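Trainee: Please take a close look at one part of this model, the place where the two chains meet. I would like one connected account.

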Amino acid sequence: MIADGILIKQYLAGNQGSFEALLKRHKNRIFSSIYGLVGDRYLAEDIFQETFIKIIHSIRAGKYNHEDKFLPWALRISRNMCIDSIRQRKRMPMVVDSEGNDILNNLGVFEKSQEELHIENDEISMLKQWIRELPEEQKEVLILRNYADLSFKEIAAITNTNINTCIGRMHYAVLNLRKMMQKNSVRVK
Amino acid sequence: MIPNITENDLILYYYHESSAEVTKFINDQLESQPSWSKFLKKLDLIRSASSSFSPSNTSISIILEESIQKETHSHSI
């Protein structure tokens, strides 16, 4: 397997195929992390595109100096974009129709994809929902560890924390999910 | 000396990030510690709920086009 740093050098030398290889290698992990953080397919697609456009510009401007640490670097860019987007959405006033419903939902702007609409009444699908409901910091560590397969050390570097904080957040995420699982099984039974 | 294994140690063990000494200790004691196995199974379940998603082909095309356009643009300068 050609290292990420080599692919970037080849791309800079004019080899388009090297960029495609880099994109193909990391697209799912980066996209899944974005989707996990923002929880909206359409928004995730936008952020994914913006992330890679920024990556292209940075590489071409000679600003990439992370050798083979491409994925943590790319995830740092996408994470910042996710944070900006979440802040922006929180500031956005809700426009309601005459019946008081969010007009964006009615227009289908934040509509759920078929993937999301497919309701599976099992533990995994419920867990997916509960993961979305976790506090942001816990969700972030869980997503970066499970979706992006980053080590706790790499997550600490991206989130400007330390390893113990990351492991602690992961632990709280597991405890919260365990609580939800227990609560749910009581309710179901 | 027998290390005191916490759930944080089990998290590191699950993700193959614990030290060789702790890994060996957990491996050796796992069968006699049902609470550890239960916790590791929870981690496994949570991980299996973290399924991977793919970006759309439209996004991929836009990105690839951008990467080519920039190349052409820089040559024309």
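Mentor: A salt bridge here is a side-chain nitrogen of Lys or Arg within 4 Å of a carboxyl oxygen of Asp or Glu. By that rule, chain A and chain B share three salt bridges. The model is predicted, and side-chain atom pairs count only at pLDDT 80 or more. One of the three joins Glu17(B) to Arg145(A), with 3.0 Å between the closest N and O atoms. Polar contacts across the interface of chain A and chain B come to 16 residue pairs, both residues being at pLDDT 80 or more.

On the side of chain A that touches chain B, the elements giving two or more residues are helices H2 (16-38), H3 (41-60), H7 (123-132), H8 (136-146), H9 (152-158) and H10 (163-188) of chain A. By class, the residues on that side of chain A are 21 nonpolar, ten polar and twelve charged. In total, 43 residues of chain A are in contact with 32 residues of chain B. The area buried between the two chains is about 3,500 Å², and carbon and sulfur atoms give 64% of that area.

Over all chains, the structure holds eleven salt bridges. Among them is the pair Arg79(A) and Glu140(A), at 2.5 Å from N to O. Arg79(A) lies in helix H4 (residues 70-91) of chain A and Glu140(A) in helix H8 of chain A, so the pair, 61 residues apart, links distant parts of the chain.

Within chain B, the axes of helix H1 (residues 7-14) and helix H2 (residues 20-29) come within 10 Å and cross at roughly 100°. H1(B) is therefore roughly perpendicular to H2(B). H1(B) makes this contact through Asp9(B), Leu10(B) and Tyr13(B), while H2(B) contributes Thr23(B), Ile26(B) and Asn27(B). Three of these residues are nonpolar, two are polar and one is charged.

Key: Residues numbered from 1 in each chain as written. Chains lettered and ligands numbered in written order. Predicted model: local features only at pLDDT ≥ 70, side-chain atom pairs only at ≥ 80, totals over all residues. Heavy atoms only, no water. Axes fitted to C-alpha atoms, helices over the stretch in contact; angles between N-to-C directions. Helix = DSSP H or I, 4+ residues; strand = E, 2+ residues; numbered from the N terminus. Parallel < 35°, antiparallel > 145°, perpendicular 65-115°, else oblique. Contact = heavy atoms within 4.5 Å. Nonpolar A, V, L, I, M, F, W, Y, C, P; charged D, E, K, R; others polar. Buried area = accessible area lost by both parts, 1.4 Å probe. Polar contact = N/O pair within 3.5 Å; in protein donor to acceptor, adjacent residues only side chain to side chain.
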